[in-house]
Amino acid sequence: MGVMRMLGWGVLLLSTACGASRTAVAKAEPGTGGSGTVSGDPGVASTTRRYVDEDLGFEIVRPTAEWQLDETNERTPEGLAIPVILRHRVSGAQVVLQVAPGVATPTQFAERLTQGLRQQPGFTTTDPQPIALSDSAVGFDFQVGDGVRGKVAVREGNGGRVLMMLATWPTELSEDVTGSVDELMAGVRPLPEPSVAVRTPQRAPEPEPGDPR
């Protein structure tokens, strides 16, 4: 499995996402079903709605009800899963979540994705930097021409996976939507690793030769 082939798909997906950011926001339909589940207190669902995918080992807590979650359940031949796309109903911003096998560190994924984007016409990016999502998380910002801005965040998942978040939004709405994108990315987290500790029962010591036991 080639890391560059997987990142090539990431570049293609980002290019597609940027194109979608230039179009009108589709009608909102709550995303449910598939391998993930949506939960939350009905009284405060607009701010605490939680999506869990136990198969891929992650959860998403949306900061506001303005973020629409759509399941895709797609997977590339290289093993890159694209389980969900989140769209901001008001601004047209969207965040695509990719779950990749951990064939490289988050820093290596971000560096290679940056290199790939810089080879695309109209793309400019910052250098990858550590971000506050986790101890290993890195991210960078990018721009496509004058119309689209975005950012990428990469962090370790569980089960040897890597979570990659690719966000895009129209440039004219940058000040309004950046904070909401940051909140959403902070709400994408790996589920806790299951405990593998097994308690070994205590065994009585073997009797010494001549011991009456």
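**A first look at the predicted model**

At 3% relative accessibility, glutamine 68 falls under the 20% cut-off, so this residue counts as buried. Keep in mind as you explore that this is a predicted model.

**The whole protein**

- The protein has four helices and 12 strands.
- It is made up of 213 residues, and 44% of them count as buried.
- Among contacts in the protein with a separation of 6 or more, 52% are between residues 24 or more positions apart.

**Glutamine 68**

- To find glutamine 68, look in strand 4, which covers residues 67-75.
- The side chain of this buried residue has a polar contact with the side chain of aspartate 70, at 2.7 Å.

**Valine 103**

- Valine 103 sits in a loop, with strand 6 (94-101) on one side and helix 3 (106-118) on the other.
- Is valine 103 buried or partly exposed? Its relative accessible area is 39%, which lies between the 20% and 50% cut-offs, so valine 103 is partly exposed.
- Valine 103 and valine 162 are 59 residues apart along the chain, and 8.6 Å separates their C-alpha atoms.

Key
Residues are numbered from 1 along each chain as its sequence is written. This is a predicted model: local features need pLDDT of at least 70, side-chain atom pairs count only at pLDDT 80 or more; totals for chains, interfaces and linings use all residues. Side-chain values use heavy atoms; hydrogens and water are left out. Helices (H or I, at least four residues) and strands (E, at least two) are DSSP runs, numbered from the N terminus. Buried means under 20% relative accessible area, exposed over 50%, partly exposed in between (1.4 Å probe, protein chains only). Contact means heavy atoms within 4.5 Å. A polar contact is a pair of N or O atoms within 3.5 Å; within protein, one must be able to donate a hydrogen and the other to accept it, and residues adjacent in sequence count only if both atoms are side-chain atoms.
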